[in-house]
Amino acid sequence: MQLLVSQLLNGVGLGMIYFLVAVGLTLIFGVMRFVNFAHGVFYLLGAYGVLTLSEHGANFFVAVVGSIALVMIFALVLERGVLSRVYELPPFFHILSTFGVTLMVEEAVRTFWTAAPHRVPTPPGFRGLATLGPFFYPNYRLVVIAIAMVCAVALWVFLERTRYGATIRAGAEHRETVRLLGIDVARLFSFNFVLGAGLAALAGALVSPIRGVDPNMGLEALAIAFVVCVVGGLGSFRGALVAALLVGIMQSLATSLWGSGASLVAYLVMMLVLLVKPQGLFAGPGRSTS
Amino acid sequence: MTRIALSRRTLLRSAAAVSIGSLASPAILRSALAAEPDVPICGAWEMTAPGIANTAALCDRGSRLAVETLAKPLGITCSYSTIDTEGDPGKGVRKVAEQINQRGGKFFVGGASSAVALAVSKEVSKSGGIYVTTGGADELTGTECAKSTFRWPVATYGAVEGTVRPLRERLPAAKRWFTITPKYVFGDALLSNTQRVLAETGAEHVGNAYHGLAEREFSGYLTDALAAKPDVLCLHSFSGQTIDVLRQAAEFGLKDKMTILVVWSAGLDQYRAMGAELLDGVYVGAQYWHGVDAPVNRELVTLFRKTFNSPPTYSEVSGYMLARLIMEGAAKAKSNDPAKMIAAMEGLRYEGPTGSEEIRPFDHQCIKDYYLLRGKAPKAMADADDFLEVLASIRAFQDRDKAGCTAI
């Protein structure tokens, strides 16, 4: 029983990290119908940003905020300077251009920081374990879960309870109508893209003390983000949350039953969903964000 | 203006002379004129394989440095090129075959991944070349041995004998062992050896958690380990995964609850990535440590400090030694004929970075030390790279009849 509860807790922790990575991707696709293979780059740069700022003496959480800000600026430049020029082209060009960006950024990271893995120390106030009876869990992971949950709620409130959020949802369902209503769709796209990049950067920054930092982490995150989006339904906020938790918990439970195949569980879940409900668990006809 | 014209004319004359000379001299005459055997070495490394690319890059750097610094003293000419196996045995074999068939490649080093090393070993063997590998799986110089394949590092058998057995002797009360193992040929070899030593020493193997090669999140496996309540957590992971699993083990408080042993560490670069605080009190098995007091090691440390402004890592020294062994073979044979070089390398004795080393003629395994080390407290470190203290150095190799090598 203790093992099961511990694994469930691990799964929730893992799932919330997956959610942070995937929600940005799903928002970008939902509104822009843009398949962003460069999404893992923001996760990667978020982690390296924290590494660099921490090494220069910044407090960990200041480094997280600073890193997210830098990544969002990079995302804005990338979106305005490069990606906005291929929006109207067929999806093949989206994939080609964003994958090219991924390769270039990864090589730049290898050049500037080397291919060696780096460590980011756990912030001093959050080391050690929190215990509750027979159960215990690392303090820092609880902080990550809490931050991810706060982000999820804040994002939901933003999308569901604000005018700009309503515009984004409308853009996801009827882009042309939104354009005809006089809304600046280019600005909407930029905002959405930068928001998604910021969330991925937050995930990379938060996860850096847990799994370290290395140049391959972006592609790993991208793969799992796509799995979550496909399972939850591309463009669905709720789908991203539920799918991320589902995949995280399934993976965590699988480590006790089939350890060497645990990393495959996410893909098995995706295959099953594709067979039963190809549009994803929560994607309605109009790909509602809620 | 005049200078440019003269340079161009001189250049054209030189080029013409070289071309005419090349055409006029038959190949045999040319090689006779070049008294030194020419040994072009190709490094087949996992340059872009996730998890081990960094290790492979360091190995490659070591091999290149050996070629640059040893050819002249050994009286041979040597060049070095690199191909990327991508950590994929199929791709590795294809690229090595291209080198052999299209460029006449004969001399190969590489194999940071055992799976790639086993595949490349067979390919080089078919072509009659020489392959010196750093792969760890016992099979490379055991049941899958080949006349053309040599190995410098200690195999998984020796790594387990050099760590698990001495640790059992040091901590006799620590009888319950849990292992975390990557699911591939290298991990399985470490696991089977660990199970054997534990059984022989009266310890209990209370469980094993297999993980995939792409795994980066080990909380689930560590939870399984905690549930088994072991005295020792024995890690068989390699390279980047070792760092992740150890970091997360500390995060989950396992360092305070049990002894941790990393059977096969990747060396200084890995210790730097882990940091002194994480390594403090952790037992580590290592093929090489820059603090070992051996004459050749002191020279190597000086060379690497001068070249790279840092003491050498295991991966760099391993790459260096693989290339050196091929070059020693050519120098001793005074030939670049692989058959003569293999004969010269069999039984070769030399001073290496771990002291006196030799290559066993019957399986082509290098006999050298394997180290059991323990992480120092950060305050006890003499310098930024003084992470570990050497507790034991052991030479443990399977006897000829048990090694299982019948192809040599």
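**Close-up views of a predicted model**

**View 1. Helices α3 and α15 of chain B.** The axes of helix α3 (residues 53-74) of chain B and α15(B) come within 6 Å, crossing at roughly 35 degrees. The structure shown here and in the views below is a predicted model. The crossing of α3(B) and α15(B) is right-handed. Sorted by class, the residues in the contact of α3(B) with α15(B) are 12 nonpolar, 6 polar and 4 charged.

View 2. B:Lys334 is not a glycine, yet its phi is positive, at about 55 degrees. Is B:Lys334 buried or exposed? Its relative accessibility is 69%, so B:Lys334 counts as exposed, the cut-off for exposed being over 50%.

**View 3. B:Lys229, a lysine in the loop between α9 and β8 of chain B.** The loop that holds B:Lys229 runs between α9 and β8 (232-235) of chain B. The phi of B:Lys229 is near 50 degrees, which is a positive value in a residue other than glycine. B:Lys229 counts as exposed because its relative accessibility is 59%.

**View 4. B:His236, in the loop between β8 and α10 of chain B.** B:His236 is found between β8 and α10 (240-251) of chain B, in a loop. The relative accessible area of B:His236 is 0%, so this histidine is buried. The side chains of B:His236 and B:Thr181 are joined by a polar contact of 3.0 Å. Which residues touch B:His236, leaving aside neighbours within four places in sequence? They are B:Thr179, B:Ile180, B:Thr181, B:Pro182, B:Phe186, B:Leu190, B:Leu191, B:Thr194 and B:Val263.

**View 5. B:Thr85, in the loop between β2 and α4 of chain B.** B:Thr85 sits in the loop that links β2 (77-84) with α4 (89-103) of chain B. Because its relative accessible area is 0%, B:Thr85 is buried; the cut-off for buried is under 20%. A polar contact of 3.2 Å is made between the side chain of B:Thr85 and the side chain of B:Glu46. Apart from neighbours within four places in sequence, B:Thr85 is in contact with B:Ala44, B:Trp45, B:Glu46, B:Lys91, B:Gly92 and B:Val116.

**View 6. B:Asn297 and B:Pro295, two residues of helix α14 of chain B.** B:Asn297 belongs to helix α14 (residues 295-308) of chain B, and B:Pro295 is found in helix α14 as well. At 0% relative accessibility B:Asn297 counts as buried, whereas B:Pro295, at 46%, counts as partly exposed. What does the side chain of B:Asn297 reach at 2.7 Å? It reaches the backbone oxygen of B:Val292. A polar atom of the B:Asn297 side chain also lies 3.1 Å from the backbone oxygen of B:His290. With neighbours within four places in sequence left aside, the contacts of B:Asn297 include B:Tyr288, B:Trp289, B:Gly352 and B:Pro353. B:Pro295 and B:Ala137 are 158 residues apart in sequence, and their C-alpha atoms are 29 Å apart in space.

**View 7. Helix α10 of chain A against helix α9 of chain B.** Helix α10 (residues 237-257) of chain A packs with helix α9 (residues 219-227) of chain B at an angle of about 45 degrees, and the two axes are 8 Å apart. This angle makes α10(A) oblique to α9(B). The crossing of α10(A) and α9(B) is right-handed. On the chain A side, A:Ser252, A:Thr255 and A:Ser256 in α10(A) meet B:Gly220, B:Tyr221 and B:Asp224 in α9(B). The residues of this contact comprise 1 nonpolar, 4 polar and 1 charged.

**View 8. Helices α10 and α11 within chain A.** The axes of α10(A) and helix α11 (residues 262-276) of chain A are 8 Å apart, and the helices pack at an angle of about 140 degrees. The two helices, α10(A) and α11(A), are therefore oblique to each other. Their crossing is right-handed. From α10(A) the contact is made by A:Leu246, A:Val247, A:Met250, A:Gln251, A:Ala254 and A:Thr255, and from α11(A) by A:Ala262, A:Ser263, A:Val265, A:Ala266 and A:Val269. By class, the contact of α10(A) with α11(A) has 8 nonpolar, 3 polar and no charged residues.

Notes
Residues numbered from 1 in each chain as written. Chains lettered and ligands numbered in written order. Predicted model: local features only at pLDDT ≥ 70, side-chain atom pairs only at ≥ 80, totals over all residues. Heavy atoms only, no water. Helix = DSSP H or I, 4+ residues; strand = E, 2+ residues; numbered from the N terminus. Buried < 20%, exposed > 50% of the residue type's maximum accessible area, 1.4 Å probe, protein only. Polar contact = N/O pair within 3.5 Å; in protein donor to acceptor, adjacent residues only side chain to side chain. Contact = heavy atoms within 4.5 Å. Axes fitted to C-alpha atoms, helices over the stretch in contact; angles between N-to-C directions. Parallel < 35°, antiparallel > 145°, perpendicular 65-115°, else oblique. Left-handed = near helix turned anticlockwise from the far one by under 90°. Nonpolar A, V, L, I, M, F, W, Y, C, P; charged D, E, K, R; others polar.
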